[in-house]
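Please keep the structure in view while working through the numbered points.

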Amino acid sequence: MTDSVPAPRTAAVQTPAWLDLAGALLRPWLRIRRTPDDVHALLPDDPRPTVYVIERYGLSDTLILEQACEEAGLPSPYEAAERLPIRRRRAVVTLSRRPRLFGRQPHPSRSETLSLLADIVRADPDKDVRLVPVSIFVGRAPDRESGWFSVLFSENWVVVGRFRRLLALALNGRDTHVQFAAPVSLREVIADQADAERGVRKLQRILRVHFRRVRAIVIGPDLSHRRTVVDALLNAEPVREAIATAASKEGVDEAAARTRARRYAMEIAADYSHPVVRSMSFVLKGFWNKLYDGIDMHHFDTLRSAAAGHEVIYVPCHRSHVDYLLLSYQLLHNGIAIPHIGAGINLNLPVVGPILRRGSAFFLRRTFKGDALYSTVFREYISQLFARGVSLEYFIEGGRSRTGRLLQPRGGMLSMTLRSFLRESRRPVVFQPVYIGYEKVMEGDAYIGELSGKPKEKESLLGFLRAFGVLRQRYGRVALNFGEPIPLVPLLEEVAPDWRAATADPDAKPEWLNPAVDVLATRIQENINRAAHVNPINLLAVALLATPKHAMAEADLVAQLALCQRLLAALPYSDRVTVTPLDPIAIIAYGERMQWIRRVAHPLGDVLTVDAKQGVLLSYFRNNVTHLFATAAWVACCFLNNRRLARASILRLGRIVYPFVQAELFLPWTEQAFGERIQATLEFFIEADLLHADADGRIIERGPGQGDAAFRLRALAHTLLPSIERYYIGLALLVKNGPGTLSAGELENLCALTAQRLSLLHELNAPEFFDKSLFRGFIQKLRERRVVWGDANGKLVFDKELEIVAHDARVILSREIRHGILKLTPEKQAALNQSAG
């Protein structure tokens, strides 16, 4: 057993009076945030002597360390020095030192203290020393109380002089961040070295790497000037080859092709600036306070643990232009460097574009098709970011969701990320899904217009300036939920066990790449959904939009909200889903205060209603959480038109419909797991007295149609019913036109037209009901399941099985809905004649 008790000391080391005075003068200017919160769990009591290791020498850093140790209940550097086996005033080691003003100059990087300690530990096998790395940052993210001037003196990668450090403390000392790391055993590090000095050099290299990684995580990587990055990009071998190929193909000289490649690189590349990022942080705090009542962040601890030692790729859902600003601000505010963010070229506007570029945005075109040179330049830029250890953020949906549900992912950026990883796999990569939930979105009116057929308004500087009108409104609270991280290597092992062979030729595109991208994209979307936040507006939308006039008696609404909350608690979707703590009465009051719902007083009891325009907007927030109620809604759908139904029938029909619902809502279960969830949901409904089972549990029955239980089930069923109706439209069109008549594109167009007409006739205030992308996904899943397939002419063919599936719809859909859809579904030729007319 190692005995780490130091040799007896001849005299105790006393703190000089002038240091006490300096500490007392500095203390009012400091407010320290420690990481981790529970330092004692990281640094328990230990019989070994402790030495704190800091990155850069400075009196202020020593005083900050002393105060942080005091606040954390750790021995101060001066107390710890008394237990060292050598005489030192304080138990602190620095990896770099400034030149002294007077006297003998110290070695700029070699630590005499470490060398002496290493000699003692090496000479005596019973001795050891515990080294504790401590990172200190002053003014990492200026807050609202600090001034614009503070931004200039915030922490960065430059080693500053004494006067600048003094100004930084005066201006930003109240935003000081101290991060303690896990202790290192001096004996273990130097044990395998030939001599003590070589062991000390190894230890210093390890510590420098550690401090650089922590600094990169907290304030961002040390990036060169944008032009330097672009020059390196143009000199990369793949880009030089693409330039030569473009010149040869287009009949121009290489200088012209290189000029075009440089223009592409300058158009793409970010121009990261610490002062601009900190200035934006300063502005955004006031912006959030003006717009929102608060930002709730959940499961951030998993990100913090994943960020250390990993290349983090942030993949949030995309609901609003605010998404990337909000996520970047929260990361910076909580001690994580902001990533480089992929932004559409449409945002590269005058004034706005340069600010975003300096705030870490890089720009990409909507499509790379037809321009191989641009594609190569962009791919090489991503690889260079990887090589520099830069975290990335992009939206795999490609654009903002206009419906509130997750869009089908696009694999372009994921594919480039995987190929860059194969080339530059210096650190493990982890994808971090992020769910962003709003109670109002600024673009709500525009989304409704676009879904209703209006062209998307092009981004412009004038439109950006007009957007400042949103500051006159309040948008409630925002939730940022961090989903379960997805490490890349285990996923590659799962999809392609021999993936490492592809690293031999980094420019090759392995056969397993596309399947791996598809699996990764689906898992990201599933993990975003698993981290959903259910806010009061989501619950009100689920309840009120289920009624024909979007209105409920207050007592019914209270009961329906309570049922939804009980469902989420009894059958949790995942351990990362969070739900508003408000009770139903408070939820209703909150909805009224946010002006989403309106109370109509009545002698027999108040009615809560939603105005027509608000009803359309609320469908967005219902769609945010539809996946959480999918199983319960399916079970409820089975009893819309059936008083009694066999349990086996509910399960059989569930297995038929599940692949399509799963693809649309990114549900995480296998078909077997979905069946188990159906069983659990049936038991919940039986226990809640909404359904009843016979003696052996084989037959499930609901109460009479006019009863409260049937009303509750109908309201839940309407969460999923529009999807079932869309599926039936597609099946009905195929059956009516017959096999070999419609192509996938023609079927998609006819489905959208039919759904649009149905919504007009039945006053369905949900523009996403006739969203083409939803029909496209359904048709794709039909093809994947071999329910339909293409013939030699590109037309869809099918057999009797599809007609059987369409016939099963009578169990779920009422006769009125089925006949209405069948009446509206046109044959191909009739539709062509109408459009021609």
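1. With which residue does R48 form a salt bridge? The partner is D128, and the closest N and O atoms of the pair are 3.2 Å apart. A salt bridge here is a side-chain nitrogen of Lys or Arg within 4 Å of a carboxyl oxygen of Asp or Glu.

2. This is a predicted model, in which local features need pLDDT of at least 70 and side-chain atom pairs count only at pLDDT 80 or more, while totals for chains, interfaces and linings use all residues. Residues are numbered from 1 along each chain as its sequence is written, and side-chain values use heavy atoms, with hydrogens and water left out.

3. A search of the whole structure finds 34 salt bridges. Another of them joins R599 to D606, with the closest N and O atoms 3.1 Å apart.

4. R365 forms a salt bridge with D371, at 3.9 Å between the closest N and O atoms. Both residues belong to a network of salt bridges that also includes E250, R260 and E267.

5. Why is D371 counted as buried? Its relative accessibility is 17%, and buried means under 20% relative accessible area, exposed over 50%, and partly exposed in between (1.4 Å probe, protein chains only). R365 is partly exposed, because its relative accessible area is 27%.

6. T176 is found in strand 5, residues 176–180; strands (E, at least two residues) are DSSP runs, numbered from the N terminus. T176 is buried, with a relative accessible area of 1%. Leaving aside neighbours within four places in sequence, T176 is in contact (heavy atoms within 4.5 Å) with residues including L30, I64 and F137.

Notes. Helix = DSSP H or I, 4+ residues; strand = E, 2+ residues; numbered from the N terminus.
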